[in-house]
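Hi there,

Here is the structure I promised to pass on to you. Have a look at it first, and then read on for what turned up in it.

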Amino acid sequence: MPNVEPTRVAILGGGKGGTLLLDLLSQVPGVELIGVADTNPAAPGIRRALDLNLRVTDNVVDLIAEQGLNLIVDVTGDPAMPALINQHKPPGAEILGGAGAKLVWNMVQHESTLQGQLFQAEKLAGIGSFAAGIAHDINNPLYLVLGFAEAIIEEHDPTTIRDLAQEIIQAVRRISTISREFTQYARQSISSEYVDVELNVKLEEAFKIAQYATVLQDLSVVKDYTGKQLIKAKPDELLHALVNLITNAIQAMDGKGTLTLATCDEDEVATVTISDTGCGIPDGRLEQIFEPFFTTKAPGKGTGLGLYNVKSIVGKNHGKISVTSEVGKGTMFRLQFPLEGQPS
Amino acid sequence: MSESGTDFLFGTSTGNGRVMVVDDEPDIRKVVRMTLQKAGYDVLEAEDGEKAIEVINTGENRLMLDVIICDIRMPKINGVEAIEYLRKEYPNVQLIVLTGFPDMDMASSFLRQGVVDYLVKPVAGEKLRDSVAKAMNQREIHRL
Ligand SMILES: Nc1ncnc2c1ncn2[C@@H]1O[C@H](COP(=O)(O)OP(=O)(O)OP(=O)(O)O)[C@@H](O)[C@H]1O
Ligand SMILES: [Mg+2]
(Lines give C-alpha, C1' and ligand atoms only; values in the text may rest on other atoms or scores of the structure.)
(Ligands and ions follow the chains in the order given, each with its own letter.)
Protein backbone atom coordinates (compact mmCIF):
# COMPACT_ATOMS: atom_id res chain seq x y z
CA MET A 1 0.00 0.00 0.00
CA PRO A 2 1.35 3.48 -0.83
CA ASN A 3 2.50 5.39 2.19
CA VAL A 4 0.01 8.23 2.41
CA GLU A 5 -0.89 10.45 5.31
CA PRO A 6 -3.57 8.76 7.39
CA THR A 7 -6.99 10.33 7.76
CA ARG A 8 -7.23 11.49 11.36
CA VAL A 9 -10.71 10.91 12.72
CA ALA A 10 -12.50 11.90 15.91
CA ILE A 11 -15.79 10.29 16.91
CA LEU A 12 -18.35 12.27 18.87
CA GLY A 13 -20.87 10.04 20.62
CA GLY A 14 -20.08 6.71 22.27
CA GLY A 15 -23.46 5.03 21.89
CA LYS A 16 -24.12 1.97 19.75
CA GLY A 17 -23.39 3.79 16.51
CA GLY A 18 -20.18 5.31 17.82
CA THR A 19 -19.01 1.92 19.08
CA LEU A 20 -19.68 0.16 15.79
CA LEU A 21 -17.91 2.92 13.89
CA LEU A 22 -15.01 2.71 16.26
CA ASP A 23 -14.69 -1.03 15.74
CA LEU A 24 -14.95 -0.67 12.00
CA LEU A 25 -12.61 2.29 11.58
CA SER A 26 -9.97 0.88 13.91
CA GLN A 27 -9.46 -1.95 11.41
CA VAL A 28 -9.36 0.22 8.30
CA PRO A 29 -5.88 0.93 6.97
CA GLY A 30 -5.21 4.61 6.39
CA VAL A 31 -7.40 5.70 9.28
CA GLU A 32 -5.96 7.01 12.50
CA LEU A 33 -8.47 7.31 15.29
CA ILE A 34 -7.77 10.29 17.51
CA GLY A 35 -10.35 9.68 20.18
CA VAL A 36 -13.95 9.45 21.29
CA ALA A 37 -16.00 11.98 23.19
CA ASP A 38 -19.14 11.34 25.18
CA THR A 39 -20.56 13.03 28.25
CA ASN A 40 -21.35 9.64 29.72
CA PRO A 41 -18.09 8.03 30.92
CA ALA A 42 -19.81 4.60 31.01
CA ALA A 43 -20.94 4.76 27.36
CA PRO A 44 -19.96 1.56 25.48
CA GLY A 45 -17.91 3.55 22.96
CA ILE A 46 -15.88 5.11 25.75
CA ARG A 47 -15.14 1.74 27.31
CA ARG A 48 -14.22 0.28 23.94
CA ALA A 49 -11.92 3.23 23.19
CA LEU A 50 -10.17 2.66 26.51
CA ASP A 51 -9.63 -0.99 25.55
CA LEU A 52 -8.05 0.18 22.33
CA ASN A 53 -5.85 2.71 24.13
CA LEU A 54 -7.53 5.64 22.42
CA ARG A 55 -8.05 9.02 23.91
CA VAL A 56 -11.42 9.49 25.61
CA THR A 57 -13.00 12.62 26.95
CA ASP A 58 -16.32 14.02 28.10
CA ASN A 59 -15.41 17.34 26.59
CA VAL A 60 -16.19 17.57 22.87
CA VAL A 61 -14.41 20.88 22.47
CA ASP A 62 -11.20 19.42 23.85
CA LEU A 63 -11.19 16.65 21.30
CA ILE A 64 -12.08 18.63 18.20
CA ALA A 65 -9.60 21.37 18.96
CA GLU A 66 -6.90 18.80 18.21
CA GLN A 67 -4.60 20.05 15.47
CA GLY A 68 -4.31 18.02 12.30
CA LEU A 69 -7.76 16.55 12.59
CA ASN A 70 -9.21 15.65 9.17
CA LEU A 71 -12.67 14.35 9.93
CA ILE A 72 -15.13 14.78 12.77
CA VAL A 73 -17.87 12.17 12.85
CA ASP A 74 -20.85 13.36 14.84
CA VAL A 75 -23.16 10.57 15.96
CA THR A 76 -24.36 12.27 19.12
CA GLY A 77 -27.77 13.11 17.68
CA ASP A 78 -27.50 16.37 19.62
CA PRO A 79 -29.10 19.28 17.63
CA ALA A 80 -26.74 21.79 19.25
CA MET A 81 -23.65 19.84 18.18
CA PRO A 82 -23.10 21.14 14.60
CA ALA A 83 -22.88 24.74 15.79
CA LEU A 84 -20.46 23.80 18.56
CA ILE A 85 -18.24 21.87 16.16
CA ASN A 86 -18.13 24.68 13.63
CA GLN A 87 -17.11 27.06 16.32
CA HIS A 88 -14.16 24.99 17.59
CA LYS A 89 -12.92 22.74 14.83
CA PRO A 90 -9.51 23.26 13.27
CA PRO A 91 -9.69 24.96 9.84
CA GLY A 92 -9.02 21.93 7.62
CA ALA A 93 -11.35 19.48 9.36
CA GLU A 94 -14.49 18.23 7.65
CA ILE A 95 -17.64 17.23 9.42
CA LEU A 96 -19.69 14.14 8.87
CA GLY A 97 -22.93 14.66 10.72
CA GLY A 98 -26.66 14.78 10.30
CA ALA A 99 -28.01 12.73 7.39
CA GLY A 100 -24.51 11.77 6.21
CA ALA A 101 -23.54 10.37 9.60
CA LYS A 102 -26.88 8.61 9.82
CA LEU A 103 -26.29 6.98 6.46
CA VAL A 104 -22.84 5.77 7.49
CA TRP A 105 -24.27 4.64 10.81
CA ASN A 106 -26.97 2.63 9.04
CA MET A 107 -24.49 1.08 6.65
CA VAL A 108 -22.17 0.08 9.45
CA GLN A 109 -25.01 -1.41 11.42
CA HIS A 110 -26.30 -3.28 8.40
CA GLU A 111 -22.84 -4.64 7.74
CA SER A 112 -22.51 -5.72 11.34
CA THR A 113 -25.88 -7.51 11.22
CA LEU A 114 -24.90 -9.30 8.01
CA GLN A 115 -21.61 -10.37 9.46
CA GLY A 116 -23.36 -11.68 12.57
CA GLN A 117 -25.70 -13.72 10.37
CA LEU A 118 -22.79 -15.06 8.38
CA PHE A 119 -21.01 -16.18 11.55
CA GLN A 120 -24.16 -17.85 12.78
CA ALA A 121 -24.84 -19.60 9.48
CA GLU A 122 -21.32 -20.97 9.26
CA LYS A 123 -21.41 -22.02 12.92
CA LEU A 124 -24.63 -23.94 12.43
CA ALA A 125 -23.32 -25.58 9.27
CA GLY A 126 -20.25 -26.57 11.27
CA ILE A 127 -22.36 -28.14 13.98
CA GLY A 128 -23.79 -30.40 11.29
CA SER A 129 -20.36 -31.94 10.94
CA PHE A 130 -20.36 -32.64 14.67
CA ALA A 131 -23.64 -34.55 14.48
CA ALA A 132 -22.11 -38.00 14.13
CA GLY A 133 -19.67 -37.39 16.96
CA ILE A 134 -22.44 -36.07 19.19
CA ALA A 135 -24.68 -39.03 18.37
CA HIS A 136 -21.85 -41.35 19.32
CA ASP A 137 -21.22 -39.64 22.63
CA ILE A 138 -24.88 -39.55 23.54
CA ASN A 139 -25.63 -43.11 22.44
CA ASN A 140 -22.92 -44.55 24.66
CA PRO A 141 -24.38 -43.31 27.95
CA LEU A 142 -27.89 -44.05 26.62
CA TYR A 143 -26.79 -47.65 26.25
CA LEU A 144 -25.62 -47.62 29.85
CA VAL A 145 -29.01 -46.32 30.96
CA LEU A 146 -30.78 -49.07 29.05
CA GLY A 147 -28.38 -51.81 30.10
CA PHE A 148 -28.32 -50.94 33.78
CA ALA A 149 -32.11 -50.48 33.86
CA GLU A 150 -32.55 -53.95 32.33
CA ALA A 151 -30.22 -55.31 34.99
CA ILE A 152 -32.22 -53.64 37.76
CA ILE A 153 -35.43 -55.35 36.60
CA GLU A 154 -33.92 -58.75 37.25
CA GLU A 155 -31.90 -57.84 40.31
CA HIS A 156 -33.05 -58.61 43.85
CA ASP A 157 -30.16 -57.41 45.96
CA PRO A 158 -30.93 -53.86 47.19
CA THR A 159 -27.27 -52.81 47.32
CA THR A 160 -26.65 -53.86 43.75
CA ILE A 161 -29.84 -52.10 42.66
CA ARG A 162 -28.67 -48.93 44.33
CA ASP A 163 -25.27 -49.14 42.61
CA LEU A 164 -26.89 -49.66 39.24
CA ALA A 165 -29.23 -46.73 39.78
CA GLN A 166 -26.22 -44.61 40.66
CA GLU A 167 -24.62 -45.58 37.35
CA ILE A 168 -27.77 -44.56 35.52
CA ILE A 169 -27.75 -41.17 37.19
CA GLN A 170 -24.15 -40.63 36.09
CA ALA A 171 -24.92 -41.61 32.52
CA VAL A 172 -27.81 -39.16 32.42
CA ARG A 173 -25.52 -36.42 33.74
CA ARG A 174 -23.11 -37.12 30.91
CA ILE A 175 -25.86 -36.78 28.36
CA SER A 176 -27.12 -33.54 29.79
CA THR A 177 -23.61 -32.06 29.83
CA ILE A 178 -23.25 -32.73 26.12
CA SER A 179 -26.59 -31.23 25.25
CA ARG A 180 -25.90 -28.19 27.42
CA GLU A 181 -22.51 -27.56 25.81
CA PHE A 182 -23.97 -27.67 22.37
CA THR A 183 -27.05 -25.59 22.93
CA GLN A 184 -24.83 -22.94 24.47
CA TYR A 185 -22.50 -23.02 21.53
CA ALA A 186 -25.25 -23.05 18.92
CA ARG A 187 -27.40 -20.27 20.30
CA GLN A 188 -27.25 -16.91 18.61
CA SER A 189 -24.82 -14.88 20.61
CA ILE A 190 -26.53 -11.93 22.19
CA SER A 191 -23.60 -10.40 23.98
CA SER A 192 -21.89 -7.78 21.88
CA GLU A 193 -19.70 -6.70 24.75
CA TYR A 194 -15.96 -6.95 24.89
CA VAL A 195 -14.97 -8.46 28.20
CA ASP A 196 -11.87 -9.91 29.78
CA VAL A 197 -11.45 -13.45 28.52
CA GLU A 198 -9.00 -16.08 29.65
CA LEU A 199 -7.58 -17.63 26.51
CA ASN A 200 -6.78 -20.96 28.18
CA VAL A 201 -10.35 -21.41 29.29
CA LYS A 202 -11.75 -20.65 25.83
CA LEU A 203 -9.23 -22.93 24.18
CA GLU A 204 -10.20 -25.78 26.47
CA GLU A 205 -13.91 -25.17 25.84
CA ALA A 206 -13.30 -25.07 22.09
CA PHE A 207 -11.36 -28.32 22.20
CA LYS A 208 -14.26 -30.12 23.91
CA ILE A 209 -16.63 -29.07 21.16
CA ALA A 210 -14.27 -29.61 18.23
CA GLN A 211 -13.52 -33.18 19.30
CA TYR A 212 -16.88 -34.17 17.90
CA ALA A 213 -15.61 -33.37 14.42
CA THR A 214 -14.19 -36.85 14.09
CA VAL A 215 -15.66 -40.24 14.65
CA LEU A 216 -12.59 -42.41 14.30
CA GLN A 217 -10.87 -40.62 17.05
CA ASP A 218 -7.26 -41.50 17.60
CA LEU A 219 -5.65 -38.25 18.66
CA SER A 220 -2.81 -37.45 20.98
CA VAL A 221 -3.35 -34.04 22.44
CA VAL A 222 -0.57 -31.92 23.87
CA LYS A 223 -1.58 -28.89 25.91
CA ASP A 224 0.93 -26.26 26.84
CA TYR A 225 -0.88 -23.40 28.47
CA THR A 226 1.67 -20.98 29.86
CA GLY A 227 -0.25 -17.81 28.98
CA LYS A 228 -2.09 -16.36 31.94
CA GLN A 229 -3.15 -12.92 30.77
CA LEU A 230 -6.66 -11.91 29.95
CA ILE A 231 -7.50 -10.44 26.58
CA LYS A 232 -10.40 -8.22 25.61
CA ALA A 233 -12.74 -10.09 23.32
CA LYS A 234 -16.30 -11.17 22.74
CA PRO A 235 -16.27 -14.62 24.35
CA ASP A 236 -18.70 -16.28 21.94
CA GLU A 237 -16.85 -15.03 18.89
CA LEU A 238 -13.49 -16.08 20.24
CA LEU A 239 -14.85 -19.53 21.06
CA HIS A 240 -16.26 -19.83 17.56
CA ALA A 241 -12.90 -18.92 16.01
CA LEU A 242 -11.01 -21.42 18.16
CA VAL A 243 -13.53 -24.19 17.44
CA ASN A 244 -13.03 -23.57 13.72
CA LEU A 245 -9.24 -23.77 13.95
CA ILE A 246 -9.25 -26.93 16.08
CA THR A 247 -11.88 -28.55 13.87
CA ASN A 248 -9.78 -27.84 10.80
CA ALA A 249 -6.73 -29.32 12.51
CA ILE A 250 -8.57 -32.49 13.50
CA GLN A 251 -10.06 -32.82 10.03
CA ALA A 252 -6.64 -32.32 8.42
CA MET A 253 -5.32 -35.26 10.45
CA ASP A 254 -8.30 -37.41 9.59
CA GLY A 255 -8.70 -38.02 13.31
CA LYS A 256 -5.21 -39.49 13.68
CA GLY A 257 -2.11 -37.62 14.86
CA THR A 258 -0.99 -35.06 17.39
CA LEU A 259 -2.88 -31.89 18.15
CA THR A 260 -0.94 -29.28 20.08
CA LEU A 261 -2.69 -26.41 21.80
CA ALA A 262 -0.53 -23.75 23.38
CA THR A 263 -0.77 -20.26 24.84
CA CYS A 264 1.92 -17.86 25.98
CA ASP A 265 2.35 -14.22 26.93
CA GLU A 266 5.33 -12.34 25.58
CA ASP A 267 6.17 -8.69 25.06
CA GLU A 268 2.66 -7.40 25.53
CA VAL A 269 1.29 -10.03 23.18
CA ALA A 270 -0.87 -13.03 24.04
CA THR A 271 -0.29 -15.87 21.61
CA VAL A 272 -2.34 -18.97 20.90
CA THR A 273 -1.02 -21.69 18.62
CA ILE A 274 -2.95 -24.63 17.23
CA SER A 275 -0.73 -27.18 15.52
CA ASP A 276 -1.51 -30.44 13.83
CA THR A 277 0.41 -33.25 12.18
CA GLY A 278 -2.02 -33.40 9.30
CA CYS A 279 -1.84 -33.14 5.53
CA GLY A 280 -0.41 -29.61 5.47
CA ILE A 281 -1.15 -26.78 3.02
CA PRO A 282 0.89 -26.12 -0.13
CA ASP A 283 2.65 -22.72 -0.23
CA GLY A 284 0.58 -21.46 -3.13
CA ARG A 285 -2.59 -21.97 -1.14
CA LEU A 286 -1.68 -20.22 2.10
CA GLU A 287 -3.42 -16.97 1.12
CA GLN A 288 -6.38 -18.63 -0.53
CA ILE A 289 -7.53 -20.55 2.54
CA PHE A 290 -8.75 -17.32 4.15
CA GLU A 291 -10.95 -16.44 1.19
CA PRO A 292 -14.67 -16.93 1.62
CA PHE A 293 -15.96 -20.24 0.20
CA PHE A 294 -12.50 -21.65 -0.42
CA THR A 295 -12.58 -25.29 0.60
CA THR A 296 -10.85 -28.51 -0.38
CA LYS A 297 -13.51 -30.57 1.33
CA ALA A 298 -16.07 -32.67 -0.52
CA PRO A 299 -19.25 -30.87 -1.61
CA GLY A 300 -21.59 -30.58 1.33
CA LYS A 301 -18.78 -31.21 3.82
CA GLY A 302 -17.38 -27.73 4.22
CA THR A 303 -18.62 -24.19 3.70
CA GLY A 304 -15.17 -22.71 3.19
CA LEU A 305 -16.27 -19.90 5.48
CA GLY A 306 -14.46 -21.19 8.56
CA LEU A 307 -11.13 -19.42 8.17
CA TYR A 308 -12.70 -16.36 6.60
CA ASN A 309 -14.75 -15.91 9.75
CA VAL A 310 -11.80 -16.73 11.98
CA LYS A 311 -9.82 -14.00 10.29
CA SER A 312 -12.52 -11.38 10.65
CA ILE A 313 -13.19 -12.32 14.27
CA VAL A 314 -9.51 -12.07 15.08
CA GLY A 315 -9.33 -8.74 13.24
CA LYS A 316 -12.29 -7.36 15.14
CA ASN A 317 -10.52 -8.29 18.35
CA HIS A 318 -7.41 -6.44 17.14
CA GLY A 319 -5.46 -9.61 16.85
CA LYS A 320 -3.39 -11.09 14.05
CA ILE A 321 -3.48 -14.50 12.45
CA SER A 322 -0.65 -16.28 10.70
CA VAL A 323 -0.06 -19.76 9.39
CA THR A 324 2.95 -21.94 8.68
CA SER A 325 2.64 -25.29 7.03
CA GLU A 326 4.55 -28.10 5.42
CA VAL A 327 2.83 -30.53 3.11
CA GLY A 328 2.74 -34.00 4.63
CA LYS A 329 4.07 -32.75 7.97
CA GLY A 330 1.46 -30.48 9.43
CA THR A 331 0.21 -26.98 9.99
CA MET A 332 0.39 -24.35 12.69
CA PHE A 333 -2.03 -21.46 13.09
CA ARG A 334 -0.96 -18.65 15.38
CA LEU A 335 -3.22 -15.98 16.83
CA GLN A 336 -1.78 -12.94 18.53
CA PHE A 337 -3.68 -10.44 20.62
CA PRO A 338 -2.34 -7.22 22.07
CA LEU A 339 -2.03 -7.21 25.86
CA GLU A 340 -1.23 -3.52 26.29
CA GLY A 341 -3.69 -1.58 28.35
CA GLN A 342 -4.87 -4.78 29.93
CA PRO A 343 -5.33 -4.93 33.65
CA SER A 344 -2.92 -7.62 34.78
CA MET B 1 -24.95 -60.82 39.94
CA SER B 2 -22.86 -63.51 38.29
CA GLU B 3 -19.21 -64.28 38.96
CA SER B 4 -17.65 -61.23 37.29
CA GLY B 5 -14.50 -61.68 39.36
CA THR B 6 -13.47 -64.86 37.59
CA ASP B 7 -10.39 -64.87 35.44
CA PHE B 8 -11.85 -64.61 31.97
CA LEU B 9 -9.04 -66.35 30.25
CA PHE B 10 -9.42 -69.53 32.23
CA GLY B 11 -12.76 -68.92 33.93
CA THR B 12 -15.47 -71.52 34.28
CA SER B 13 -16.72 -72.28 30.86
CA THR B 14 -20.48 -72.60 30.66
CA GLY B 15 -20.25 -74.01 27.21
CA ASN B 16 -22.42 -71.66 25.20
CA GLY B 17 -19.46 -69.97 23.59
CA ARG B 18 -16.79 -67.32 24.07
CA VAL B 19 -17.29 -63.68 23.26
CA MET B 20 -14.80 -60.83 23.45
CA VAL B 21 -16.11 -57.31 23.84
CA VAL B 22 -13.87 -54.50 22.59
CA ASP B 23 -14.82 -51.04 23.80
CA ASP B 24 -12.79 -48.25 25.38
CA GLU B 25 -15.41 -47.60 28.00
CA PRO B 26 -15.35 -49.99 31.00
CA ASP B 27 -19.06 -49.45 31.78
CA ILE B 28 -20.07 -50.41 28.26
CA ARG B 29 -18.05 -53.60 28.57
CA LYS B 30 -19.76 -54.23 31.91
CA VAL B 31 -23.24 -53.95 30.36
CA VAL B 32 -22.31 -56.26 27.49
CA ARG B 33 -20.81 -58.72 29.97
CA MET B 34 -23.92 -58.71 32.15
CA THR B 35 -26.18 -59.07 29.13
CA LEU B 36 -24.30 -62.03 27.68
CA GLN B 37 -23.43 -63.86 30.88
CA LYS B 38 -27.15 -64.11 31.48
CA ALA B 39 -27.36 -66.24 28.35
CA GLY B 40 -24.48 -68.42 29.43
CA TYR B 41 -21.66 -67.02 27.35
CA ASP B 42 -18.12 -66.51 28.59
CA VAL B 43 -17.07 -62.92 28.13
CA LEU B 44 -13.56 -61.53 27.66
CA GLU B 45 -12.78 -57.84 27.50
CA ALA B 46 -10.37 -55.59 25.63
CA GLU B 47 -10.20 -51.80 25.79
CA ASP B 48 -9.08 -51.08 22.24
CA GLY B 49 -8.24 -52.69 18.93
CA GLU B 50 -4.61 -53.17 19.86
CA LYS B 51 -5.49 -55.01 23.09
CA ALA B 52 -8.07 -57.10 21.25
CA ILE B 53 -5.51 -58.28 18.73
CA GLU B 54 -3.07 -58.96 21.54
CA VAL B 55 -5.64 -61.04 23.42
CA ILE B 56 -6.70 -63.08 20.42
CA ASN B 57 -3.08 -63.78 19.54
CA THR B 58 -2.27 -65.23 22.96
CA GLY B 59 -2.35 -68.97 23.45
CA GLU B 60 -5.60 -70.76 23.54
CA ASN B 61 -7.84 -67.73 22.78
CA ARG B 62 -6.88 -68.16 19.21
CA LEU B 63 -8.88 -71.34 19.07
CA MET B 64 -11.43 -70.59 21.69
CA LEU B 65 -12.90 -67.25 20.66
CA ASP B 66 -16.19 -67.52 18.81
CA VAL B 67 -17.47 -63.97 18.53
CA ILE B 68 -15.97 -60.48 18.86
CA ILE B 69 -18.17 -57.48 19.59
CA CYS B 70 -16.35 -54.35 18.54
CA ASP B 71 -16.84 -50.58 18.82
CA ILE B 72 -15.64 -48.24 16.05
CA ARG B 73 -14.40 -45.11 17.78
CA MET B 74 -11.51 -46.26 19.95
CA PRO B 75 -7.98 -45.07 20.69
CA LYS B 76 -4.88 -46.80 19.25
CA ILE B 77 -6.26 -49.19 16.67
CA ASN B 78 -9.82 -48.17 15.83
CA GLY B 79 -12.67 -50.50 14.99
CA VAL B 80 -12.35 -50.19 11.23
CA GLU B 81 -8.70 -51.22 11.34
CA ALA B 82 -9.26 -53.94 13.94
CA ILE B 83 -12.09 -55.50 11.93
CA GLU B 84 -10.07 -55.45 8.74
CA TYR B 85 -7.24 -57.26 10.52
CA LEU B 86 -9.51 -59.79 12.23
CA ARG B 87 -11.40 -60.61 9.03
CA LYS B 88 -8.13 -61.40 7.34
CA GLU B 89 -6.30 -63.24 10.11
CA TYR B 90 -9.23 -64.94 11.83
CA PRO B 91 -11.95 -65.43 9.22
CA ASN B 92 -13.71 -67.98 11.41
CA VAL B 93 -14.22 -65.64 14.32
CA GLN B 94 -17.58 -63.93 13.90
CA LEU B 95 -17.75 -60.14 14.26
CA ILE B 96 -20.49 -57.87 15.53
CA VAL B 97 -20.14 -54.09 15.43
CA LEU B 98 -21.65 -52.33 18.44
CA THR B 99 -21.31 -48.60 18.09
CA GLY B 100 -22.87 -45.29 19.02
CA PHE B 101 -22.37 -44.13 15.47
CA PRO B 102 -25.35 -44.59 13.17
CA ASP B 103 -23.89 -44.60 9.67
CA MET B 104 -25.50 -46.49 6.82
CA ASP B 105 -22.43 -46.38 4.59
CA MET B 106 -20.19 -47.74 7.27
CA ALA B 107 -22.76 -50.37 8.18
CA SER B 108 -23.13 -51.68 4.65
CA SER B 109 -19.38 -51.73 4.11
CA PHE B 110 -18.93 -53.81 7.27
CA LEU B 111 -21.73 -56.17 6.32
CA ARG B 112 -20.09 -56.65 2.93
CA GLN B 113 -16.91 -57.62 4.73
CA GLY B 114 -18.88 -60.38 6.42
CA VAL B 115 -19.65 -58.76 9.73
CA VAL B 116 -22.70 -60.49 11.25
CA ASP B 117 -24.49 -57.39 12.54
CA TYR B 118 -24.05 -53.65 12.82
CA LEU B 119 -25.79 -52.67 16.04
CA VAL B 120 -26.28 -49.08 17.09
CA LYS B 121 -26.28 -48.25 20.78
CA PRO B 122 -28.50 -48.15 22.72
CA VAL B 123 -29.41 -51.74 21.96
CA ALA B 124 -31.75 -53.86 24.10
CA GLY B 125 -30.25 -56.89 25.82
CA GLU B 126 -32.56 -59.23 23.94
CA LYS B 127 -31.41 -57.92 20.59
CA LEU B 128 -27.73 -58.23 21.47
CA ARG B 129 -28.26 -61.81 22.65
CA ASP B 130 -30.15 -62.64 19.43
CA SER B 131 -27.30 -61.23 17.43
CA VAL B 132 -24.69 -63.22 19.35
CA ALA B 133 -26.79 -66.38 18.94
CA LYS B 134 -26.90 -65.75 15.20
CA ALA B 135 -23.13 -65.27 15.16
CA MET B 136 -22.66 -68.52 17.11
CA ASN B 137 -24.74 -70.35 14.49
CA GLN B 138 -22.58 -69.01 11.69
CA ARG B 139 -19.52 -69.99 13.69
CA GLU B 140 -20.90 -73.57 13.80
CA ILE B 141 -21.41 -73.56 10.05
CA HIS B 142 -17.80 -72.44 9.60
CA ARG B 143 -16.58 -75.22 11.85
CA LEU B 144 -18.23 -77.90 9.74
N1 LIG C 1 -5.10 -27.28 9.74
C2 LIG C 1 -5.20 -27.39 8.40
N3 LIG C 1 -4.44 -28.29 7.72
C4 LIG C 1 -4.56 -28.41 6.38
N5 LIG C 1 -5.41 -27.69 5.62
C6 LIG C 1 -6.19 -26.78 6.24
C7 LIG C 1 -6.13 -26.59 7.66
N8 LIG C 1 -7.02 -25.62 7.98
C9 LIG C 1 -7.60 -25.23 6.83
N10 LIG C 1 -7.11 -25.93 5.78
C11 LIG C 1 -7.49 -25.78 4.36
O12 LIG C 1 -8.18 -24.55 4.22
C13 LIG C 1 -9.46 -24.77 3.63
C14 LIG C 1 -10.43 -23.74 4.13
O15 LIG C 1 -10.70 -23.92 5.50
P16 LIG C 1 -12.03 -23.33 6.12
O17 LIG C 1 -12.07 -23.64 7.58
O18 LIG C 1 -12.17 -21.92 5.72
O19 LIG C 1 -13.17 -24.12 5.36
P20 LIG C 1 -13.49 -25.66 5.43
O21 LIG C 1 -12.86 -26.25 6.66
O22 LIG C 1 -13.13 -26.28 4.13
O23 LIG C 1 -15.06 -25.66 5.60
P24 LIG C 1 -15.83 -25.58 6.99
O25 LIG C 1 -14.99 -24.73 7.91
O26 LIG C 1 -17.14 -25.00 6.69
O27 LIG C 1 -15.91 -26.99 7.48
C28 LIG C 1 -9.79 -26.21 3.98
O29 LIG C 1 -10.71 -26.77 3.06
C30 LIG C 1 -8.42 -26.87 3.91
O31 LIG C 1 -8.06 -27.15 2.57
MG1 LIG D 1 -13.12 -25.31 8.62
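Let me start at one spot in chain B: Met20(B) stands opposite Ile68(B), a residue of strand S3(B). Please keep in mind throughout that this is a predicted model.

Strand S1 (residues 18–22) of chain B and strand S3 (residues 67–70) of chain B run parallel and are joined by four bridges. Both strands sit in an open sheet of five strands in chain B, ordered S2-S1-S3-S4-S5 with parallel pairing. At its edges are strand S2 (42–46) and strand S5 (117–120) of chain B, each of which pairs on one side only. From one strand to the next, the twist averages 20°. As a reminder, strands of a sheet pair through backbone hydrogen bonds, either parallel or antiparallel.

What lies across this sheet? Helix H1(B) lies across S1, S2, S3 and strand S4 (94–99) of chain B, and its direction makes an angle of about 170° with S2(B).

Taken as a whole, chain B has six helices and five strands, which follow the pattern β-α-β-α-α-β-α-β-α-β-α along the sequence. Of its 144 residues, 52% are buried. If you count contacts in chain B between residues at least 6 apart in sequence, 66% of them join residues at least 24 apart.

There is one backbone detail in chain B to check before you set anything up: the peptide bond between Lys121(B) and Pro122(B) is cis, with omega about 0°. Pro122(B) is found in the loop between S5 and helix H6 (125–143) of chain B.

Now to chain A, which is divided into domain 1 (7–96), domain 2 (130–186) and domain 3 (193–338). The centres of domain 1 and domain 3 of chain A, taken over C-alpha atoms, are 35 Å apart. Even so, seven residues of domain 1 of chain A are in contact with six residues of domain 3 of chain A.

Where is the largest nonpolar core, and who is in it? It has 48 residues, and the members that touch the most others are Phe130(A), Ile246(A), Leu259(A), Ile274(A) and Phe333(A). Helix H9 (residues 235–252) of chain A gives this core its largest share, nine residues. Domain 2 (130–186) and domain 3 (193–338) of chain A each supply at least three residues to this core. A second, separate core has 27 residues, among them Met34(B), Leu36(B), Ile96(B) and Leu98(B). In soluble globular proteins, nonpolar side chains tend to be buried together.

Gly17(A), Gly18(A) and Asp23(A) are among the buried residues of H1(A). Their cover includes strand S1 (7–12), strand S2 (31–37), helix H2 (44–51), strand S4 (71–74), H5 and helix H10 (306–316) of chain A.

Finally, two phi values in chain A. Most residues other than glycine have a negative phi, and most peptide bonds are trans. Asn53(A), which is not a glycine, has a positive phi of about 60°; this residue lies in the loop between H2 and strand S3 (55–57) of chain A. Asn53(A) is partly exposed, with a relative accessible area of 45%. Asp267(A) also has a positive phi, near 45°, and is placed in the loop between strand S9 (256–266) and strand S10 (269–276) of chain A. Asp267(A) is exposed, at a relative accessible area of 70%.

Happy browsing, and write back with any questions!

How values were computed. Residues numbered from 1 in each chain as written. Chains lettered and ligands numbered in written order. Predicted model: local features only at pLDDT ≥ 70, side-chain atom pairs only at ≥ 80, totals over all residues. Heavy atoms only, no water. Core = buried A, V, L, I, M, F, W, Y, C linked by side-chain atoms within 4.5 Å. Buried < 20%, exposed > 50% of the residue type's maximum accessible area, 1.4 Å probe, protein only. Domains from an automatic or database assignment. Pairing = 2+ DSSP bridges. Axes fitted to C-alpha atoms, helices over the stretch in contact; angles between N-to-C directions. Contact = heavy atoms within 4.5 Å.
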